[in-house]
Structures are given as C-alpha cells and as structure tokens.
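User: Could you walk me through this model, one question at a time?

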Amino acid sequence: MAGMASTSDMQLDSLPYYDNDLEAYPQLRAVLNSQIAVELRSLLPKTPSQAPTNLAHLPPPRPLPSGSGSLLAEELARVESKRPLRAGEQGLDTTRYAMPFPSEDDLDDVDAWERAYKSSLAQLEHQRLRTVNGTLLQQLGANKWRVENFALENAIQRVENEATESKEVVEGVNRRRKADQEKAGETLARLERRWQELVSGNMQLEIGCFALEEELAVLQARHGELQQRLQATQ
C-alpha cells in the first residue's frame, strides 16, 4: 500500500510464530490489552464528524448535493433525524396508480370526468406495456435468463478462482513467515545460550582471578615476612 513502510524499513521486535511469552508470563496479557486499547483510542475519531486516522490513505467520500433547494439533501436530513412526514408534505404519490371514479358530488363536473378519463388511459397504457413485456419475456426471457445465468456462473467461478489463488498466496506467505521466524527463533535461542555460557564463563574466570589475587597477596605477604626474617638472621 502506498505511503506505508516496506518490511525492510521496519524494525521487527517480535516473532509471533515462535514467541510464547503469553504462555510463560500470563500477567503480560493485561498489559498488552491496555496498550491495544490506548492504540485504538488514538485511531478512532473523538467525534462522529471526524474520520478515523487509519483511513487517511483512502479518497474522501463524494459530497452529497447541498443547498436549500436540494430535495435530496432535505429528504436525507429528514431521514437522518427520523422525522416522519408531516401533514401536507408530499410523499409517494399513489393516485396515478389508481383509476378513481368521480364522486357523487362531481358526477356533473366535466373536469372530474376528464381526470378520470386521463387516469383510465394511463392505466390502459400501463396494462398494454405489461402485456407487451410479458409477451417478450415469454418469447425471449428463457434464453436471456440462460445467458445471464451462464455469465453469472462464469463470473462466480472467476472470483472463486481468484479467491483460491489469493488464499494460496496468503498461506504461502504465512508458511514462509513461520519457517523464517522459527529459524530466527532457534538462532536467537542458540545465541542466547551461548551468551549465557560466555557470561557464566566470564564470571567464573573473574571469580578465579579474585581468588588468585587473594592467593598472590597472601604469598607476597609471606614472601615479605620471610625476607625480613632472613635479613634479621644475617
């Protein structure tokens, strides 16, 4: 990913496939959980209007239409506030899907009959289109459905193959990581044992040097005493 440091630029200080510190020292789990919580608090936004800091590499979201004259913005604001439609506000207009008959008071109203006539024409045209679509679907729908299913099956197979390949790549990377970390862990363990042996040898050597210095001091004192006696007898 762009903007992120490569593996060679990062300092790795743990071997997850090899280290067993949590099993050896269970008290470390509480410390790790607290550090993870601190890291999450630094990533998550403090207010809903702020974006998470770990998404800075993503492009900004597309702005929605704004302005007092935008019906979409007004409707989104209404839905976000969970406010129901007030009386008089226009919602979904279902009258055009019905074929109303003039009421008894409007039986002599030419405009009412005109509206009913136009509505009936719209419903008849809708029924005609449904009939045409049904006929076309009956004639061509089966083949079209087979072609679409064939294309969909090919797309699904392609995606499944890509997913399988990606999974194999990830598993290969994890296997190599595990092998590399186990090898590095064994090397570190061997070097640590060697270091402990050298430190122990140095300590033993230092203790031996101290003992020799004490013995040398005693011998030097004895040598000085003998020389004094020898001079006294001459």
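Analyst: Happy to! Lysine 82 is found in the loop between helix 3 (71-80) and helix 4 (110-233), where helices are DSSP runs of H or I with at least four residues and strands are runs of E with at least two, numbered from the N terminus. This is a predicted model in which local features need pLDDT of at least 70 and side-chain atom pairs count only at pLDDT 80 or more, while totals for chains, interfaces and linings use all residues. Residues are numbered from 1 along each chain as its sequence is written, and side-chain values use heavy atoms, with hydrogens and water left out.

User: Is lysine 82 buried or exposed?

Analyst: Buried means under 20% relative accessible area, exposed over 50%, and partly exposed in between (1.4 Å probe, protein chains only). Lysine 82 has a relative accessible area of 75%, so it is exposed.

User: What is the phi of lysine 82?

Analyst: Most residues other than glycine have a negative phi. Lysine 82 is not a glycine, yet its phi is positive, at about 60 degrees.

User: How many helices are there in the protein chain?

Analyst: From the N terminus on, the elements run α-α-α-α. The protein chain has zero strands, and its helices number four.

User: What percentage of the residues in the protein chain count as buried?

Analyst: The protein chain exposes about 21,400 Å², with 58% of it supplied by carbon and sulfur atoms; accessible areas come from the Shrake-Rupley method with a 1.4 Å probe, and for residues only the protein chains shown count as cover. Of its 234 residues, the share that counts as buried is 6%.

User: How far apart are the end C-alpha atoms of residues 142-176?

Analyst: The unreviewed UniProt entry places a "coiled-coil region" at residues 142-176; such positions are in the numbering used here, feature names are shortened, and annotations may be inferred rather than shown by experiment. In the model this span is 100% helix and 0% strand, and its end C-alpha atoms are separated by 50 Å.

User: How far is tyrosine 117 from proline 100 in space, C-alpha to C-alpha?

Analyst: Tyrosine 117 lies in helix 4 and is partly exposed, with a relative accessible area of 48%. In sequence, tyrosine 117 and proline 100 are 17 residues apart, and in space their C-alpha to C-alpha separation is 9.4 Å.
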